[in-house]
Amino acid sequence: MIPAATRYERASDLDHALELLAEPDAKVIAGGQSLIPVMKLRIARPSVVVDISRLELRGVEVRDDELHIGPLTTWSELLDSEMLDRPALAAIAECARGIGDLQVRNLGTIGGSVVHADPASDMPAVLLALGARLELRSPGGERTVTVADVLLGPFMTALAPQELVTDVVVPLPAKGSGSAYAAVEHPASGFALAGAAALTTPASETVALTGVGSTPFVLPEGDQGEAIAAAEIFGDRFASDEYRRELATVVAQRALVTARERAKEDA
């Protein structure tokens with residue numbers, strides 16, 4: 001399909017982008033891998049598309065015991081980053097490697113994926129397991145919100161209309177930690193029917209699921225099997241809730257086993 005008529009503006013800097021977003025029904029575009037498809041279906045009909053792809057909001061670096069990922073960093077750039085070549089952060093590159101195809105990985109961005117809030121999106125589960133937070137900027141100032149608090153529901157976030165992600169921050173896990181991501185994908189779309197990210201540290205284990213509920217979520221501490229059995233899992237024409245619950249159990253165990261093995265490498 002062809003998108004509805006809209007206006008295109010390229011932001012010269014962050015302040016200019018926020019100014020352009022003051023227009024009602026304005027939408028941000030970075031890589032366009034999430035927005036363009038819904039515009040083609042006319043689910044989204046923005047009055048203006050604000051291109052932020054040239055802003056200085058990309059890159060991966062470690063500062064003050066935290067990993068900082070610019071929201072415009074593409075999946076391919078994540079795969080090329082030496083900063084992620086450590087067992088505790090292995091889930092990030094492992095997840096990015098399986099997203100879309102080569103074209104999608106060259107254009108799609110980590111920030112765009114998170115704020116699109118697709119219930120079957122892979123990377124939000126990884127960021128949830130790693131305890132990540134987002135740095136946000138609006139005309140009113142800056143604020144910090146955890147990824148868990150940003151994701152409100154299917155394609156719904158806590159971001160205000162004139163608010164942009166300026167940084168994705170991941171606390172560096174303690175030495176002796178490992179992380180992993182595992183998923184069973186729909187054979188046609190490539191989206192997760194069930195995906196799980198796991199983080200194993202010397203003190204605890206965290207598992208987050210995606211593709212099985214209205215939004216990715218972290219399982220309560222304790223027995224993972226019991227937690228999945230008690231979780232609210234939805235079904236659809238692609239997979240029943242019973243099947244998704246079984247898949248969630250399988251991928252959670254796979255992710256945990258791999259994370260534990262990687263944690264031993266970091267000991």
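This is a predicted model: local features need pLDDT of at least 70, side-chain atom pairs count only at pLDDT 80 or more; totals for chains, interfaces and linings use all residues.
User: What makes the protein chain as compact as a globular protein of its length?
Analyst: The protein chain has 10 helices and 14 strands. Its radius of gyration is 18 Å, and the globule rule gives 18 Å for 267 residues; the two values are close, so the chain is as compact as a globular protein of that length. Along the principal axes, the C-alpha atoms fill a box of roughly 50 × 45 × 35 Å.

User: Why is Leu 78 called buried?
Analyst: Buried means under 20% relative accessible area. Leu 78 has 0% relative accessibility, so the residue counts as buried. Of the 267 residues in the protein chain, 49% are buried.

User: How do you know what Leu 78 touches?
Analyst: A contact requires heavy atoms within 4.5 Å. With residues up to four places away in sequence left out, the residues that Leu 78 touches include Val 60, Ile 69, Leu 84, Ile 110 and Met 123. Leu 78 itself belongs to helix α3, residues 75-80.

User: How far apart are the C-alpha atoms of Leu 78 and Pro 220?
Analyst: They are separated by 29 Å, with the two residues 142 residues apart along the chain.

User: Into which domains is the protein chain divided?
Analyst: The division gives domain 1 (7-49), domain 2 (60-171) and domain 3 (178-265). Between the C-alpha centres of domain 1 and domain 3 there are 33 Å.

User: What share of the contacts with a separation of 6 or more joins residues 24 or more positions apart?
Analyst: Such pairs account for 60% of those contacts in the protein chain.

Note on methods: Residues are numbered from 1 along each chain as its sequence is written. Side-chain values use heavy atoms; hydrogens and water are left out. Helices (H or I, at least four residues) and strands (E, at least two) are DSSP runs, numbered from the N terminus. The radius of gyration is taken over C-alpha atoms; the globule rule is 2.2 Å times the number of residues to the power 0.38. Buried means under 20% relative accessible area, exposed over 50%, partly exposed in between (1.4 Å probe, protein chains only). Domain bounds come from an automatic or database domain assignment.
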